[in-house]
Amino acid sequence: MVVKVYGPDYPSPKRALVCLIEKGVEFETVGVDLFKGEHKAPEYLKLQPFRSLPVVQDGDYTLFESRAIIRYYAEKYKDQRTELLGKTIEERGLVEQWLEVEAHNFHPPIYDLVLKIVYGPFIGLTPDPKQLKESEDKLCQVLDIYEERLSKSKYLAGDFFSLADLSHLPFTQYLVGKMGKEYLIRDRKHVSGWWDDISSRPSWKKVLELWPGLY
């Protein structure tokens, strides 16, 4: 059975897409238009009761939450193509650590910026400059820690590309694109080099080509 990924035009599902491409797993996509409320449709709620994206269907198996999905496929196809979890238990620990950092430290402020700047105009929101600055300041604090970390290792979990790096791709792309905040990356030498590296991977380029979304 071909894997189905719901909502490819939005950022979080792109985590699943790039992971599947890195692993060489065949998949197809199913469009979900959030602006039309398709995530609230009864059929969709049977798959994802919290009305969010993404969802994957793999035969009779259904899974939601993007980081759970990428962990699942990285483990399921551990010996296929790119190793995304590390080769030792210690490397795996660091991958998990930085995935948690991405989810709990990096994601909240960048999500707030993306929601207000990129998606806000579509839903009638006028961003509050004070709130935007607060989120940007929080993001800068995280990126300063990344700069220190990346001065010592090529990637976040070590000298190998992993889920910890991959998980940053969808939302960071907004900074260097539609949001016009590329300076947040370029002002930090090691973060800048890291971004150039991970964003130039063929898997991510393919995602951007096929599902550009609002980038």
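Analyst: Helices (H or I, at least four residues) and strands (E, at least two) are DSSP runs, numbered from the N terminus. Pro 54 sits in the loop between α2 and β3. The model is predicted: local features need pLDDT of at least 70, side-chain atom pairs count only at pLDDT 80 or more, and totals for chains, interfaces and linings use all residues. Residues are numbered from 1 along each chain as its sequence is written, and side-chain values use heavy atoms, with hydrogens and water left out.

User: What makes the bond between Leu 53 and Pro 54 cis?

Analyst: Its omega is about 0 degrees. Most peptide bonds are trans.

User: How many helices and strands does the chain have?

Analyst: Ten helices and four strands. Along the sequence they follow the pattern β-α-β-α-β-β-α-α-α-α-α-α-α-α.

User: Why do β1 and β3 count as paired?

Analyst: Two strands pair if DSSP finds at least two bridges between them. Strand β1 (residues 3-6) has two bridges to β3, so the two strands meet the rule. They run antiparallel. Val 5 has Val 56 in β3 as its bridge partner.

User: How many bridges link β3 and β4?

Analyst: Four, again in the antiparallel sense. Gln 57 stands opposite Thr 62 in β4. Two residues lie between the strands of this hairpin, and Gly 59 takes a positive phi near 65 degrees there.

User: Why are both faces of β3 called covered?

Analyst: Buried means under 20% relative accessible area, exposed means over 50%, and partly exposed is in between (1.4 Å probe, protein chains only). Val 55 and Gln 57 are buried on one side of β3 (residues 55-58), and Val 56 and Asp 58 are buried on the other.

User: Why is Arg 67 called buried?

Analyst: Its relative accessibility is 16%. The limit is under 20%, so Arg 67 counts as buried. The residue is part of helix α3 (residues 66-76). Contact means heavy atoms within 4.5 Å. Beyond its neighbours within four places in sequence, Arg 67 touches Arg 15, Glu 102, Ala 103, His 107 and Ser 167.

User: What makes Arg 51 and Arg 81 stand out in phi?

Analyst: Most residues other than glycine have a negative phi. Arg 51 has a positive phi of about 65 degrees, and Arg 81 one of about 55 degrees. Arg 51 lies in the loop between α2 and β3. Arg 81 lies in the loop between α3 and α4 (89-119). At 45%, Arg 51 is partly exposed. At 60%, Arg 81 counts as exposed.

User: How do you know that the radius of gyration agrees with a compact globule?

Analyst: The radius is taken over C-alpha atoms, and the globule rule is 2.2 Å times the number of residues to the power 0.38. For 215 residues that gives a value near 17 Å; the chain has 17 Å, so the two agree. The C-alpha trace spans about 45 × 45 × 25 Å along its principal axes.

User: What share of the chain counts as buried?

Analyst: Of the 215 residues, 49% do. As for contacts with a separation of 6 or more, 66% join residues 24 or more positions apart.
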